[in-house]
Structures are given as C-alpha cells and as structure tokens.
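This report looks at two residues and one ligand site. The sequence and the structure come first.

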Amino acid sequence: MLEVRFHGRGGQGAVLASELLAHAAFLDGKWPQSFPFFGVERRGAPVTAYVRIDDRPIALRTSITVPDVVVVLETGLLRTVPVTDGLREGGLLLVNSALPPELIEVPIPVRTATVDATGIARARGLGSPTMPIVNTAMLGALARATGVVSLDAVRGSIVHVPAKPRENREAAADGFAAVRSGEGRHLPVARRAERAPPLPEGPIAAVPSSTLVTSSWRTLRPVIRLEKCTRCNFCWKYCPDDAIELDPSGFPVIREAHCKGCGICAAECPPKTIEMVLDAGARGGWGVR
Amino acid sequence: MGRQVISGNAAQAHAARLARVQVVSAYPITPQTTIVETIADFVASGELPAQYVKVESEHSALQCVLSASALGARTYTATSSQGLLLMHEVLHWAAGMRAPIVMGVVNRAVAPPWSLGSDHADTMSQRDTGWIQFYAESNQEVLDTVLLAYRLAEDPAVRLPAMVAEDAFYLSHTFEPVEIPSAGEVDRFLPPRDARAVLVPGRGLRLGSFTGPVEYVQFRRQVADAMERVPAVLRNVEREFEEITHRHHGGPLSTYRTDDADTVLVTMGTATTTARGVVDQLRAEGHRVGLAKLRVFRPFPAEELRALADSVGRMGVLDRSFTFGEHGAAATEVRGALYGAPRRPSVSSYLGGLGGRDITPGLVRKVYRSLESGGSELPTWVDLLPEEAPAHG
Ligand code: SF4
Ligand code: SF4
C-alpha cells in the first residue's frame with residue numbers, strides 16, 4: 001500500500017487533487033481511497049487531503065500519519081505546517097516551486113522534487129492570476145516523480161475536473177515534463193511529545209477573533225472612500241467577523257490583517273462608498289516566493 | 001453503472017436516485033451538503049423526477065418530507081450534527097406517525113466547541129425517537145443500506161422511519177470504488193411504495209391528533225411492536241438483496257473471526273475497518289481476538305449479542321461518542337442486553353475518536369491489550385492526552 005498526503009490551501013484544489021489521484025489509480029486498475037481533512041472550509045485556510053492506493057480493498061480508515069509521499073501545493077506551507085511529519089524513510093517530498101530541490105528547506109533529510117506548477121497553471125490559464133489552480137500540474141509531476149500512477153491515468157481522471165479539461169490535461173503533461181528531483185536542504189528542527197494544550201474551563205478563546213491573521217483567505221479587499229461616508233456604521237454592524245473598527249470620530253477603519261474579503265460591507269453600505277478591489281500580491285501571491 | 005470511484009455522500013445520493021424517491025427536502029450542513037447537492041443535480045438533469053423542496057431549516061425539511069410521506073410519497077432527507085438536533089421534535093413525530101422516511105445522517109460532533117469531525121453523539125442522542133438506526137462502514141454499505149432501509153421501513157409489518165449513518169469525512173468525503181447497481185436490479189428489489197393507510201386529499205382524515213391516556217398507551221405499544229418486528233423483516237430483505245446483488249453486509253451484528261475468540265471488541269462505523277486489520281495482525285501473533293460490528297443500533301441486536309457472549313470471555317465496546325451515563329452509549333446497551341444472559345463475559349467501555357480524532361491501528365491495539373489484561377470497570381478515554389499545565393479560565 002502507498003500513502004500520499006497533500007498539503008494546500010482552500011481554493012488551490014488540494015482536495016480535488018486527492019480525488020483525481022484516486023480516479024487515476026482506479027483507471028490503472030488499483031484500489032484507491034481518498035479523503036480530505038477539513039479544518040476551516042475557507043479560501044486560503046490550510047487543507048490536508050489523503051490518498052491510499054493498494055491492489056486490494058484497504059483495511060484502514062484513518063488520516064495518513066506516515067506517508068510515503070507528501071505533496072505541497074504552496075511553498076509558504078513549508079514554514080507554517082509540519083508537512084514532513086511522519087514521512088517514511090525513502091519517501092518523497094514534492095513541492096510546487098520554481099526553485100531547484102536543493103534550495104527547498106526541509107526539517108528531515110528527504111528526497112525532494114520540485115515543479116513550477118504555479119507557472120504552468122498561469123500559462124495554461126487555470127484559476128485566476130492571484131490564485132492559480134495548480135493541482136493537475138502537480139499530479140503530472142507526481143506521476144513522473146513516483147510512478148504510482150501513469151500520466152495516461154492522470155489525464156484520464158481529468159474528466160472529473162469541473163472546468164477546462166483540455167488545459168488541465170496539458171498542465172498535467174507540463175508538470176510531468178518539468179519536475180526535477182534531488183535532495184532538499186536539511187535544516188533540523190526539534191520535535192516535542194504530543195500533549196494537549198492547557199485549556200480553560202469551557203471552550204472560551206483567550207483572544208478576540210479580530211486578532212487572528214485571516215487576511216490570507218481573501219482575494220478581494222474593501223477600500224472605503226471616506227469623502228462619501230455618512231458614518232452610519234452599517235459596515236461595522238454587518239461585518240460578520242469584527243474586521244471593522246470605528247475611529248474616535250466614528251469613521252470606519254478596516255482591520256486589514258483580519259478582513260477576509262467577503263464584501264458584505266460593500267453590499268450594505270447605503271451610499272455605496274466601499275469598493276472591493278483585487279488584492280493582488282498582498283502577501284507575495286500564491287505558491288511563489 | 002458498474003463500479004465507480006465515488007464518495008459516501010454520492011453513495012447516499014445514488015441510492016436515493018435508484019430508490020426513485022418522489023419528494024426530497026433538506027437543508028445544507030457540512031459535511032452533509034454534497035449529498036443534497038448531488039440529488040439536486042439529479043433532479044435538475046431529469047435523472048430523478050422528484051420534487052425537491054427548499055426550506056429554511058432542518059426542522060422544516062423533516063416536516064416537509066413527513067407531510068409528503070403521510071400522503072404516500074417515498075421521501076428522502078439528509079442532515080448532520082446540529083441539523084439533526086434541530087429535527088429532534090419532528091423525529092418523534094415521524095416515528096409516531098409511522099412514516100417510512102429514509103434519512104442519511106453524516107455523523108459529526110455536536111458543538112460546543114464547534115467541530116466538523118466524526119463523532120456519533122448526534123445520532124446517539126436520537127436513539128430513543130423511534131427511528132431504525134443503521135451505521136455503515138464503507139461507501140458500498142452506505143449505498144446498499146439506504147436501499148435496504150426503504151424496503152424495511154416501508155414493509156407493512158414495520159412502517160417506521162430509518163436513518164442511515166456514515167462517519168463524517170471517513171466516509172462522507174472519502175472516494176473509493178463502489179458497485180452502483182442498475183435501475184433494473186433496484187426496481188426488482190424495491191417496487192414502488194405500498195401507500196395504504198395514509199392521508200388522502202379530500203378525505204377527512206387526521207393523523208397524530210389528540211388522544212386520551214388509554215389510546216396513547218396502545219399507540220406507543222404499536223410502535224414498540226413494529227420495532228420488534230424489524231429483525232425478522234430485515235433478515236428477509238437482506239436475503240432478497242443478496243440474491244439480486246450478491247452482496248450481504250452481515251445482519252444487525254456483523255461478526256469477524258469470533259468463532260474461537262476469547263476477546264471480542266464491539267465497534268460501529270468506520271472504526272470497524274481499522275479494527276478488522278488489527279484483528280488480522282493480532283491473530284497472526286497468536287491472540288484469540290474477534291470483532292463484532294453494531295450495524296444496527298435500533299432496534300438493538302440483543303439476541304445476537306447474547307448468542308455471541310455465550311462463547312466469549314471478555315468483551316469491549318468502543319464508543320465514538322460521549323454520553324452522560326455510567327458507560328458509553330453502546331456499552332450501556334451491551335451490558336443491559338447481557339445482564340440476563342446465561343453466560344456473561346466482562347464488558348469494558350472505551351471512548352475514542354471523538355470530534356474526528358483518528359481511531360488508529362495503534363489505538364485499537366491498545367484497547368485489545370487493555371481487554372486482554374482484564375479490562376476495566378469504568379469507561380476508559382483511550383485517546384485523551386496529558387495536559388501541558390493547569391490553565392485558569
Ligand atoms: S469585506 Fe467582509 S470581512 Fe472584510 S471588512 Fe468587509 S464585511 Fe468585514
Ligand atoms: S456603511 Fe458606508 S457610509 Fe456607513 S459608515 Fe460604513 S462606509 Fe460609511
């Protein structure tokens with residue numbers, strides 16, 4: 001049995017990638033099992049998805065803690081999520097990056113492969129420029145780097161993609177052709193035993209939600225033209241998650257780090273003085289560094 | 001349609017389509033949403049000529065299919081967690097009105113704290129509403145059980161609603177190969193609903209109206225009797241299903257390697273799959289262990305458990321929920337069923353996998369090890385971690 005773990009962010013297609021890999025393995029005559037782990041189902045939030053592939057029905061229904069292959073859809077996750085946790089000896093880390101494998105920092109010595117899936121997705125017009133959908137390019141690279149599925153099967157699985165099947169098939173072939181294998185740059189980190197965090201009596205959070213840095217979830221951001229603002233406070237009232245505060249004279253101020261870009265404030269503002277603008281490159285873009 | 005790679009939620013939707021349900025009403029809730037989205041697609045494309053009624057809450061969704069069911073329609077709804085809790089009042093109505101509704105439930109933890117993870121507390125807290133309860137282990141079992149549930153629920157000897165539960169994510173969002181039967185096969189197994197004794201527009205009938213205490217007792221007893229007839233009907237229905245599809249999921253209590261076992265663990269849902277793998281490993285190491293899956297929780301398979309207990313020394317019950325009693329929900333039932341049995345093994349209660357925590361092979365091994373060294377009188381929380389330091393709220 002072979003176990004693959006995908007790490008991505010909501011909106012990048014990590015979950016669909018796991019489903020496509022399952023379909024592809026099935027086309028190759030294997031018995032697949034794929035499933036996602038959902039924390040927060042929102043654009044930009046870290047997402048994990050799992051795939052097992054075997055020759056017979058799989059007697060396991062748990063998440064994958066000792067993967068043979070780890071696929072990372074965005075390099076930023078290498079710093080924030082312990083992606084290599086449990087990776088088996090002799091396993092493979094596949095990263096979406098334009099850099100050669102030798103420049104990828106990894107906490108354990110591990111065989112590392114890279115592919116510029118973001119570049120491929122942009123070139124093939126998959127997703128938006130701010131959020132390219134990189135999953136099919138990554139699957140092509142995975143087919144080449146691991147041999148767990150054939151490129152034909154990956155291309156065959158793409159009938160399950162909701163849009164642009166031809167471009168996605170081409171992206172898979174591009175990923176297959178472009179993947180580079182090597183060793184990551186080993187930067188050891190200390191591990192600690194698993195313990196529950198100290199908890200208060202009852203599920204109460206220690207900080208208000210406005211302090212959470214959730215701005216990475218958005219693709220649009222609100223801009224207020226204060227000249228037309230009547231200080232009605234509608235935006236403050238309607239923002240579903242405390243991302244607007246009022247300054248001493250009663251004008252609204254967006255908490256940039258917290259706003260998720262839902263656009264409700266803009267829709268509710270009576271004089272229509274809030275505009276949602278593309279938040280291009282606000283945090284260095286997606287998957288590029 | 002043959003074998004396809006689909007999710008547990010798609011398995012629910014395909015089963016509803018194959019059952020030719022006539023009225024569907026549901027309210028979306030993660031991780032159930034893709035069930036009703038898929039059904040909505042089937043209705044929109046004309047593959048399923050049903051009425052899809054959009055409502056503003058789960059309470060209304062169940063009320064809607066209850067009304068349609070009272071008029072003789074075959075109905076389907078689906079929900080999860082908080083949505084199921086919101087249905088609670090109507091769940092009692094559906095059973096008391098003898099409406100053979102079939103509902104898919106994705107087992108998800110009950111808040112607070114907010115969680116999307118797998119946990120049986122939602123359905124366990126509905127165990128006394130008069131619904132038949134199935135717990136599935138694979139996507140194939142989900143699809144087949146929904147079809148079985150219609151035959152069983154609509155049987156004139158039963159006429160009770162049934163819920164088919166699947167673990168959040170471990171099934172709902174897991175893609176794996178599933179044999180999708182053809183419409184012809186399902187039509188042979190599941191003919192249109194026999195809609196006798198239901199409301200007829202234009203005729204002055206009332207359902208569920210006021211009664212005095214005498215009639216109340218008689219009606220409650222009718223529901224109890226109907227529930228008691230479930231095992232016999234299920235046996236026949238499963239046999240017929242097997243003749244057509246060549247699949248049988250093992251009755252209400254499905255056992256694995258229990259024949260010469262001295263230690264048996266009772267599980268529900270997807271924990272069973274992982275536990276089966278562990279049983280194979282432990283057997284290979286010389287341990288005489290077995291496994292029993294509670295596939296049906298209501299009516300509780302007490303007979304089958306007593307038969308199993310006759311040859312077993314120690315039993316453990318792994319509950320994927322916490323309920324407020326001395327033992328886990330299923331463990332309490334098992335202990336109750338065995339109290340009057342001629343031979344009584346020890347029964348230990350284990351709680352694990354709450355809120356979507358993984359029930360890993362290591363965890364199941366730990367449970368068997370605990371059982372083999374005598375088990376324990378009080379419930380054991382198998383995956384509780386030591387806390388870092390005391391906190392002050
Ligand atoms: S876009 Fe949404 S989250 Fe951001 S400030 Fe406006 S209402 Fe709040
Ligand atoms: S809703 Fe518009 S007008 Fe009202 S306070 Fe907000 S920005 Fe100003």
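Strands here are DSSP runs of at least two residues in state E, numbered from the N terminus. The model is predicted. By that definition, Ser25(B) belongs to strand S2 of chain B, which spans residues 23-26. In chain A, Thr112(A) is part of strand S7, residues 111-115.

| Residue | Strand | Strand residues |
|---|---|---|
| Ser25(B) | S2 of chain B | 23-26 |
| Thr112(A) | S7 of chain A | 111-115 |

**Ser25(B)**

The relative accessible area of Ser25(B) is 0%, so this residue is buried; the cut-off for buried is under 20%. Neighbours within four places in sequence aside, Ser25(B) is in contact with Val53(B), Val55(B), Ala61(B), Cys64(B), Val65(B), Tyr76(B) and Thr77(B). Trp381(B) lies 356 residues away from Ser25(B) along the chain, and their C-alpha atoms are separated by 38 Å.

**Thr112(A)**

Thr112(A) is buried because its relative accessible area is 0%. Its side chain reaches the backbone nitrogen of Gly184(A) at 3.1 Å. Gly184(A) is also one of the contacts of Thr112(A) beyond four places in sequence. Others in that list include Leu92(A), Leu93(A), Pro101(A), Ile104(A) and Val106(A), as well as Arg180(A), Ser181(A), Gly182(A) and Glu183(A).

**Ligand 2**

What surrounds ligand 2? The shell holds 14 residues, and the closest are Cys229(A), Cys232(A), Asn233(A), Cys235(A) and Cys269(A). By class, ten residues of this shell are nonpolar, three are polar and one is charged. The space that ligand 2 takes up is the largest cavity.

Methods. Residues are numbered from 1 along each chain as its sequence is written. Chains are lettered from A and ligands numbered from 1 in the order in which they are written. This is a predicted model: local features need pLDDT of at least 70, side-chain atom pairs count only at pLDDT 80 or more; totals for chains, interfaces and linings use all residues. Side-chain values use heavy atoms; hydrogens and water are left out. Helices (H or I, at least four residues) and strands (E, at least two) are DSSP runs, numbered from the N terminus. Buried means under 20% relative accessible area, exposed over 50%, partly exposed in between (1.4 Å probe, protein chains only). A polar contact is a pair of N or O atoms within 3.5 Å; within protein, one must be able to donate a hydrogen and the other to accept it, and residues adjacent in sequence count only if both atoms are side-chain atoms. Contact means heavy atoms within 4.5 Å. A residue is near a molecule or strand if one of its heavy atoms lies within 4 Å of it. On a 1 Å grid over the protein atoms alone, a cavity is a set of points where a 1.4 Å probe fits but cannot get out, and a pocket is an open set with protein on both sides within 12 Å along at least five of seven lines; lining residues have an atom within 4 Å of a point. A molecule sits in a cavity or pocket if more than half of its atoms lie within 2 Å of its grid points. Ala, Val, Leu, Ile, Met, Phe, Trp, Tyr, Cys and Pro count as nonpolar, Asp, Glu, Lys and Arg as charged, and the others, Gly among them, as polar.
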